[in-house]
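Okay, thanks for coming, everyone. Let me put the structure up and then talk you through it.

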Amino acid sequence: QVQLVESGGGLVQPGGSLRLSCAATGNIFTPDAMAWYRRAPGNQREVVAAITFGGSATYADSMKGRFTISRDNAKSAVYLQMNSLNPEDTAVYSCNAQIRTAGGIVRSYWGQGTQVTVSS
């Protein structure tokens, strides 16, 4: 069974940094695209950043220059380094992985979410 296991959330002061990790486990192929999403209270889920198998990254405009997404294909893992955090970054962050099955179908998997709170 495929699982995405996240870690690294927590409470941080404005201007601080956090690093989120997410690893895909199970008998799987290396994920294709991987991404981080977030959902703040009262808001819809939004994409934070995405990265292809080859390492090409894209970011939401408000995260450019502050967040960095990376991955380790050998570990089927994706990371999100978040710097210069502000209270508007408070949200539940979830990772997503597009994983190909043995039959060639790409399925989407989600992590359980990790809370990031930016507050003084």
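**Salt bridges to begin with**

Let's start at aspartate 89, which makes a salt bridge with arginine 66, with the closest N and O atoms 2.7 Å apart. By salt bridge I mean a side-chain nitrogen of Lys or Arg within 4 Å of a carboxyl oxygen of Asp or Glu. The two partners come from distant parts of the chain: aspartate 89 sits in the loop between E8 and E9, arginine 66 in the loop between strand E6 (57-59) and strand E7 (67-72), and 23 residues separate them. Both aspartate 89 and arginine 66 are buried; buried here is under 20% relative accessible area, exposed is over 50%, and partly exposed is in between, with a 1.4 Å probe and protein chains only.

Before I go on, a word on where this comes from. It's a predicted model, so local features need pLDDT of at least 70 and side-chain atom pairs count only at pLDDT 80 or more, while totals for chains, interfaces and linings use all residues. Residues are numbered from 1 along each chain as its sequence is written, and side-chain values use heavy atoms, with hydrogens and water left out.

Back to aspartate 89. Its side chain also meets that of arginine 38 in a salt bridge, 2.9 Å from N to O. Arginine 38 is in strand E4 and aspartate 89 in the loop between strand E8 (77-82) and E9, so this pair ties together parts 51 residues apart in sequence. Arginine 38 is buried, as is aspartate 89.

One more pair, then. Arginine 100 and aspartate 32 form a salt bridge, and their closest N and O atoms are 2.8 Å apart. Here arginine 100 is in strand E9, and aspartate 32 is in the loop between strand E3 (18-25) and strand E4 (34-39), 68 residues away. Over the whole structure, a search finds 5 salt bridges.

**The chain as a whole**

Stepping back: how many helices and strands does the chain have? The count is 0 helices and 11 strands, taking helices (H or I, at least four residues) and strands (E, at least two) as DSSP runs numbered from the N terminus. The C-alpha trace spans about 50 × 25 × 25 Å along its principal axes. Of the 120 residues, 38% are buried. If you take contacts between residues at least 6 apart in sequence, 54% of them join residues at least 24 apart; contact means heavy atoms within 4.5 Å.

**Two residues to look at**

Now find serine 94 in strand E9, residues 91-100. Serine 94 is buried, with a relative accessible area of 14%. Which residues does serine 94 touch, leaving aside neighbours within four places in sequence? They are Glu6, Ala35, Trp36, Tyr37, Trp110, Gly111 and Gly113.

Then there's glutamine 1, in the segment before strand E1 (3-7). Glutamine 1 counts as exposed, at 85% relative accessibility. Setting aside neighbours within four places in sequence, glutamine 1 is in contact with Thr25 and Gly26. And if you compare glutamine 1 with alanine 102, the two are 101 residues apart in sequence but 13 Å apart in space, C-alpha to C-alpha.
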